[in-house]
Amino acid sequence: MSRSEESGFGVLSGLEARRLVAAFRRPRPGAVVAVAVPAALGVAGLWAAAEAARPDLATGEGRVLLGVLVSAPTAFFAYPLLFRAEDDALLRRLGIGARAVFAVRALRLLAAALAALLLLEIPFLATGAVPPLGPALAAALAGWGVSLFTFCDAARRLADPAGRRGVGAMLIGWDSELAAAAPLVYAPVVPVIVGALAGAAGAATPLAAPAAALLAAGLAIVAAR
């Protein structure tokens, strides 16, 4: 980042931190109803489900399922977190750099990935089993990094009317409008697949999480460009 972009990132991250602190210090009734109540119900449901909601890591299918459960929320939350913010026009008018905005939203997506990881540990805790932090972290980081790359690449393709749409457009070629959006339609698929593989690898070796962190960092840098 340039000096102006670093300044913009500092401003945005500071505002993000203040907003988060204010949400806990002075919670609004609407936020409690929309966020806290569903979160509490979800945690209670996962705790009550216990064994039924816990992937069996003794099998290959269970390890892959672990990776899918961790990476899928990240993949499907990536588009609204990265590109559907209502303050885009205001930030541009204020002179905030695009990379600074992207960095803050990428951190939001990382927070969502880690939240999905923590939720998945609840059924293991409910049954007294050791939570699979290593495999889950590998899946979360891999899903996060690949999501950043695939969705930014999809945005680049959609912004170029003459750009190639790829194989996905050929598969849905009977609908011209849907085919034009093919990069965005298929963008969540790759992060889920990679996250599933990372979760399975994380159950086999402790090196999977550091490898996933390096992969995610590299893809985040490429996505920012």
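Student: In which helix is the place of Leu120, and is Leu120 buried or exposed?

Tutor: This is a predicted model, and in it Leu120 belongs to helix α5. A residue is called buried when its relative accessible area is under 20%; Leu120 has a value of 9%, so it counts as buried.

Student: With which residues is Leu120 in contact, once its neighbours within four places in sequence are left aside?

Tutor: They are Leu66, Leu69 and Val70. Taking Val70 as the example, 50 residues separate it from Leu120 in sequence, yet the two C-alpha atoms are 7.1 Å apart in space. For the protein chain overall, among contacts with a separation of 6 or more, 75% are between residues 24 or more positions apart.

Student: How should I think about a nonpolar core, and which residues have the most contacts inside the largest one?

Tutor: The general idea is that nonpolar side chains tend to be buried together in soluble globular proteins. Here the largest nonpolar core comprises 30 residues, and Val70, Leu82, Phe102, Ala138, Trp144 and Leu148 are those with the most contacts inside it. Helices α3, α5, α6 and α11 each contribute at least two residues to this core, and α6 gives the most, with 11 residues. A separate core of six residues lies apart from it, including Leu12, Ile96, Ala100 and Val101.

Student: What is in contact with Leu82, leaving aside its neighbours within four places in sequence?

Tutor: Leu82 is in contact with Phe102, Arg105, Ala106, Leu148 and Phe151.

Student: Which residues of α10 are buried, and what covers them?

Tutor: The buried ones are Pro191, Val192, Gly195, Ala196, Ala198, Gly199 and Gly202. Viewed down the axis of α10, they fall within an arc of 165°, so they line one face of the helix. Their cover includes α3 (60-83), α6 (133-159) and α11 (208-224), whereas the face turned away from the buried side carries the exposed residues Leu197 and Ala204.

Student: Finally, how many helices and strands are there in the protein chain?

Tutor: The chain has 11 helices and zero strands, and 34% of its 225 residues count as buried.

Key:
Residues are numbered from 1 along each chain as its sequence is written. This is a predicted model: local features need pLDDT of at least 70, side-chain atom pairs count only at pLDDT 80 or more; totals for chains, interfaces and linings use all residues. Side-chain values use heavy atoms; hydrogens and water are left out. Buried means under 20% relative accessible area, exposed over 50%, partly exposed in between (1.4 Å probe, protein chains only). Helices (H or I, at least four residues) and strands (E, at least two) are DSSP runs, numbered from the N terminus. The arc is that of the directions from the helix axis to the C-beta atoms. Contact means heavy atoms within 4.5 Å. A nonpolar core is a set of buried Ala, Val, Leu, Ile, Met, Phe, Trp, Tyr and Cys residues joined through side-chain atoms within 4.5 Å.
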